[in-house]
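This report describes the fold of one protein chain for a reader new to structures. Look at the sequence and the structure first, then read on.

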Amino acid sequence: MTRPIIVGVDGSAPSLQAANWAGREAAIRDAPLHMLYAAPRWTHDVPLAHQPRSWGTGAEAAEREMLGHAAVHARAGRPHLSVTTDIIAGRAADALVAAAEEAQLLVVGNRGRGGFAELLLGSVSRDVVARAPCPVAVIRQPHAGDRGEIVVGVSGKSGQDFLLDFAIREAALRRATLRAVHAWVHPATRWPGDMEPLVYDVDEVNQEEAVLLAEAIAGWREKFPDVTLVQHVVHEHPARALIDASAEADLVVIGAHSGASARVGMGGIAHAVLHHSHVPVVVVRP
């Protein structure tokens, strides 16, 4: 059975955009779409407090209506899409992370109904990106019309096959070009204990970094001959390079920390890209 795509909705405009994006993604992957709303409820540890009347049966009816409205957004132009909905009591981030155990992709809006409009990335989105066991798509306002390009950030270090695999498969599904962006600020160290030179020739180092990128993506053209794979090396901070590249793309794919570092946060580059990308961002973890 094909694993579902899960989208978190709460009735906010960003979550409806996420529902529409998730519907399209489910359609191109031929996957079912499961919509999840995490409803606040009193828990057993506050037995003396009365549950607000707005959290009774009337609230559930309103929540079902909201989910139905979100399903309409997901099915827009995709009438045969399989969509299911569910309401779970509890914190939104916890519910989404738990549900993601069975998902191939988790989709959220960049901020929800309860957040401050000034915040570019809400607390639920940030928490889910840092903890979810599957790739997470954070949806900002998508550009009208496809540009036919996906951007993936490549560090040039080993161990990024998981990231390139996701990005190139996504490009194949969309019949899009994949632009592999490798940005550098200082020359890369070649071995443990190696020191960065104080003075260097930018053009020469740029050529060396291009070799690193070529090595990192070697073999992927052969595995996916129908995908146009473009190399892009730039002397720039990686976050700025990816944000700039997003202005001409449909989607940005980036990697996240794994292991102990994942419990600390999503990483500075991912944090910056999620806040400032012009298009939806997918964060992929090993």
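## The sheet

Ten strands form an open sheet with mixed pairing, in the order E3-E2-E1-E4-E5-E10-E9-E6-E7-E8. Strands here are DSSP runs of E with at least two residues, helices are runs of H or I with at least four, and both are numbered from the N terminus. Two strands pair if DSSP finds at least two bridges between them. Strand E3 (83–89) and strand E8 (229–235) are the edge strands, each pairing on one side only. From one strand to the next, the twist averages 25°.

Strands of a sheet pair through backbone hydrogen bonds, in either a parallel or an antiparallel sense. Strand E1 (residues 5–8) and strand E2 (residues 33–39) pair in the parallel sense, over four bridges. Gly8 has Leu36 of E2 as its bridge partner.

## Basis of the model

The model is predicted: local features need pLDDT of at least 70 and side-chain atom pairs count only at pLDDT 80 or more, while totals for chains, interfaces and linings use all residues. Residues are numbered from 1 along each chain as its sequence is written, and side-chain values use heavy atoms, with hydrogens and water left out.

Helix H1 lies across E1, E2, strand E4 (105–109), strand E5 (136–139), strand E9 (251–255) and strand E10 (281–284), and runs at about 155° to E4. Axes are lines fitted to C-alpha atoms, for helices over the stretch in contact, and angles run from 0 to 180 degrees between N-to-C directions.

Helix H1 (residues 13–29) also packs with helix H5 (residues 161–174), at an angle of about 85° and with the axes 10 Å apart. The two helices are therefore roughly perpendicular, a term for angles of 65 to 115 degrees. H1 makes the contact (heavy atoms within 4.5 Å) through Trp21, Arg24, Glu25, Ile28 and Arg29, and H5 through Phe166, Glu170, Leu173 and Arg174.

## Helix H8

Which residues of helix H8 (residues 238–246) are buried? They are Ala239, Ala241, Leu242, Ile243, Ala245 and Ser246, where buried means under 20% relative accessible area with a 1.4 Å probe, protein chains only. Their cover includes strand E6 (149–153), strand E7 (177–184), E8, E9 and helix H10 (268–276).

## The whole chain

The chain holds ten helices and ten strands. Of its 286 residues, 44% count as buried. Among contacts with a separation of 6 or more, 78% are between residues 24 or more positions apart.

Definitions and conventions. Parallel < 35°, antiparallel > 145°, perpendicular 65-115°, else oblique. Buried < 20%, exposed > 50% of the residue type's maximum accessible area, 1.4 Å probe, protein only.
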